[in-house]
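Q: I'm new to this one. Can you walk me through some of the packing?

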Amino acid sequence: MSKAAKIKVQQWRAYVVIALLVIMFLALVGRVLSLQVLDTGRGVEFLKRQGDMRMLRTAELPAYRGLITDRRGEPLAVSTPVISLWANPKVLKNSERLAELASALDMSGADLEDRLARYAGRQFMYLRRHMIPDAAREILALNISGVRAEREYRRFYPAGEVAAQLVGMTNVDGAGVAGLELAYDEWLKGHPGKKRYIKDLHGDAVRDIGVIEPVRSGRNLKLSIDLRLQYLLHRELSRAVKVTGAEAGVIVTIDSRTGEVLASASYPDFNPNNRSTVTMSQTRNRALTDVFEPGSTMKPLTLVAALESGSYDTTTLIDTSPGRIRVGRKVLPDPRNYGEITLSRVVEKSSQVGITKIALDIGHEPIWDVFQRFGLGQSTATGFPGESSGLLPQRPRWRPIEQVTLAFGYGLTATPLQIARAYAVFANGGMLPELSLLHREAVDVRSERVVDARIAADVRAVLHEVTGSEGTARKARVPGYEVGGKTGTVHKVGASGYLDDQYVALFVGMAPIEDPRFVSVVVLDRPKGDNYGGGSAAAPVFARVAAETLRLLGVPPTLDPPTEMLAGTVAAGGDA
């Protein structure tokens, strides 16, 4: 090839290279214009989306859980702001400051390294949950790479163990797991919000974009209980358990007019602010979840069946001689031979013989019907988690002994709250109230007539006599007030039947008897010593509770208190 030809080839190659470079440059400029200026196709959106994926993040904004208060607005459960520290294990594991971080977290370096090893394949792990903000900020001020913080709320219970079984508690994530915290979790919890922010290469937020979904705080919940009465019941129950040696106990007080639960205390209790040693037994609200045979506290309901039959009134004489009666192969005794006594006296003395004769005369059907009308064997519908309905048996055939034992409270089970509601019928003129754990206005009160008002008044008068000088509940009397109620002493059931040396002591009472404002039930499980009966163990507890409750409710005294009642020297009678 000639020299001139070679020059032409070289020039042609140069022109081709220059042309290709120009074309590539123009294509690059065109692509940049397309992506960033002209927005042809999806260029700008593509770049924005890719940038957002690398730098834009969404964070959850915690919602404030609603306040739980008593009927007077006193706080029972509040949410306080706290800070939880977390880290990216992939970033933190290579830090040279692990020992410093472990010391600040009050943990050993080995524990921190073990935790990092467990979360090695993840990008998130908690270092410490629910820290006091000042303490968390001290750790954040160390500026250790990979350590981050998030704001949360921690539940705090100002009343502590006093209202723990009723209010319940939340878990570490703020969700209700027991009590009313669980029952009304949806109402209380609210809904978290969301915000967007830009992060840097280290994962730190450098600029907030804004809130994309606002926080909706939880709604407040006002309970029916009065914290003053709650403290009272808790104190008296703790005292009673200590004095009697009982293994467990319950006191519940309801407003006999509105059906509101004014206070409910259970023992054993627990502190919801410190759960390190909490057991399931301690968390039970025994007033609603535990059942037992109510024993002689059912005799006033059997009295209703007798009065409704038309064959009896409170003055009808019943011969209880010779102080015992045989039903089948079972002999049912009284503490002594009461002879011929009135129907009122039968309940006043808690005579097994007298109640047995009534039950054999009128049959079990009217007694069962009264029990059913008074709410036994049915849920009280408070909405409390784990609430028991008790058991009111319905058999195709009843043996004579089963008809009799039903009449004096054996063979069925009930909760303390069910018994309180049943007695509210007597206090409320024959009306069975609808119970509530939430505060309700007067216009929301609901009740159902289950017995004639005259019969309810007659039974109330008999209950007053039970606390009189000849009754089984003399220790239930309150200086300055007329009260009424009924004792019960029930044998515990073991693997082979009823136990001779283990009891449940009960007392159900109301005050003031002329126009009852409340009904209280006291239950002591397995009291020790000689004073194990309802009249000696449970009735005095009611007296102390009722005296203070009447004062707090502003009910003026109606009597000049007898000297012997003020001195507390009256001895107890029978405890049946």
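Q: At what angle do α15 and α17 cross?
A: In this predicted model, the axes of α15 (residues 352-362) and α17 (residues 400-407) cross at roughly 120° and come within 9 Å. That angle makes α15 oblique to α17.

Q: Which residues meet there?
A: From α15, I355, T356, A359 and L360 meet Q403, V404 and A407 of α17. By class, five residues in this contact are nonpolar, two are polar and none is charged.

Q: And what is the handedness of the crossing of α15 and α17?
A: The α15 and α17 crossing is right-handed.

Q: Next pair. How far apart are the axes of α18 and α19?
A: The axes of α18 (residues 416-427) and α19 (residues 453-466) are 8 Å apart, and the helices pack at an angle of about 110°. That makes α18 roughly perpendicular to α19.

Q: Which residues make the contact?
A: Y423, V425, F426 and A427 on the α18 side, and A456, V459, R460 and L463 on the α19 side. Seven of these residues are nonpolar, one is charged and none is polar.

Q: Strands now. How many residues of β11 are buried?
A: Eight of the eight residues in β11 (residues 248-255) are buried. A248, V250, V252 and I254 point one way, while G249, I251, T253 and D255 point the other way.

Q: Which strands do bridges join it to?
A: Eight bridges join β11 to β21 (residues 518-525), antiparallel, with I251 partnered by V522. Six bridges join β11 to β12 (residues 261-267), also antiparallel, and T253 stands opposite A263.

Q: What lies between β11 and β12?
A: Five residues, in a hairpin; G259 in the turn has a positive phi of about 80°.

Definitions and conventions:
Residues numbered from 1 in each chain as written. Predicted model: local features only at pLDDT ≥ 70, side-chain atom pairs only at ≥ 80, totals over all residues. Heavy atoms only, no water. Axes fitted to C-alpha atoms, helices over the stretch in contact; angles between N-to-C directions. Helix = DSSP H or I, 4+ residues; strand = E, 2+ residues; numbered from the N terminus. Parallel < 35°, antiparallel > 145°, perpendicular 65-115°, else oblique. Left-handed = near helix turned anticlockwise from the far one by under 90°. Contact = heavy atoms within 4.5 Å. Nonpolar A, V, L, I, M, F, W, Y, C, P; charged D, E, K, R; others polar. Buried < 20%, exposed > 50% of the residue type's maximum accessible area, 1.4 Å probe, protein only. Pairing = 2+ DSSP bridges.
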